[in-house]
Amino acid sequence: MRNYQRQKNNPYKLPHNLYMRMLYLVRDYERLRSEREDILQGSPAPDGVPHSGTGNPTEQKAIKLAMLGKECEAVEKAIETIPQEYRKGVLRSIKNREPYPITASESTYRRYRYKLTYMTAKFLQII
């Protein structure tokens, strides 16, 4: 399946680069969520280990956690804007590049796919 947006009559049209960025963010959602959980569950380095220079690992973890949290929250909110019966098909199409289910029209699934990427950008306050 090609990654393009419909040009005409598409209320969720994004610039191509932004569309691809949001598409890859949705594809990468599971990894981001697991990385966020690893940071939350991780423990600091044991004391007595020699450090190579100055640094603040707690601050670095907090910054990364905030960034990952913002991205995960934006994707989760965007997924909630899609009706329940279409979520599974849209997410499988984006993540696994599977064909859309035959439960609805292909144009319906495409419209919700565009909406998902648009709302992700909107919740990230990019647009």
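**Exercise 1. Determine which helices cover the buried residues of α3, and check the length of α3.**

Solution. Helices here are DSSP runs of H or I with at least four residues, numbered from the N terminus, and a residue is called buried when its relative accessible area is under 20%, exposed when it is over 50%, and partly exposed in between, with a 1.4 Å probe and protein chains only. The model is predicted, so that local features need pLDDT of at least 70 and side-chain atom pairs count only at pLDDT 80 or more, whereas totals for chains, interfaces and linings use all residues. Residues are numbered from 1 along each chain as its sequence is written, and side-chain values use heavy atoms, with hydrogens and water left out.

Step one is to list the buried residues of α3, which are Leu68, Gly69, Cys72, Ala74, Val75, Ala78 and Ile79. Step two is to look for their cover, taking contact to mean heavy atoms within 4.5 Å; the cover includes α1 (16–27), α2 (29–41), α4 (84–96) and α5 (106–123). Step three is the length: the expected span of a helix is 1.5 Å times one less than its number of residues, and because α3 (residues 57–80) has 24 residues it should span 34 Å, which agrees with the 34 Å between its end C-alpha atoms.

**Exercise 2. Describe how α1 and α4 pack, giving the angle and the distance between their axes.**

Solution. Axes are lines fitted to C-alpha atoms, for helices over the stretch in contact, and angles run from 0 to 180 degrees between N-to-C directions. For α1 and α4 the angle is about 100°, and the axes lie 8 Å apart. The pair is therefore roughly perpendicular, given that angles under 35 degrees count as roughly parallel, over 145 as roughly antiparallel, 65 to 115 as roughly perpendicular and the rest as oblique.

The residues that meet are Leu23, Val26 and Arg27 from α1 and Leu91, Ile94 and Lys95 from α4. Sorted by class, this contact has 4 nonpolar, no polar and 2 charged residues, where Ala, Val, Leu, Ile, Met, Phe, Trp, Tyr, Cys and Pro count as nonpolar, Asp, Glu, Lys and Arg as charged, and the others, Gly among them, as polar.

**Exercise 3. Find where Leu18 lies, and state which residues it touches beyond four places away in sequence.**

Solution. Leu18 belongs to helix α1, a helix of 12 residues that reaches 16 Å from its first C-alpha to its last, close to the 16 Å expected. Leu18 counts as buried, because its relative accessibility is 12%, and the buried residues of α1, among them Leu18, Tyr19 and Met20, pack against α2, α3, α4 and α5. With residues up to four places away in sequence set aside, Leu18 touches Ala121, Ile126 and Ile127. Leu18 and Thr117, although 99 residues apart in sequence, are 9.0 Å apart in space, C-alpha to C-alpha.

How values were computed:
Helix = DSSP H or I, 4+ residues; strand = E, 2+ residues; numbered from the N terminus.
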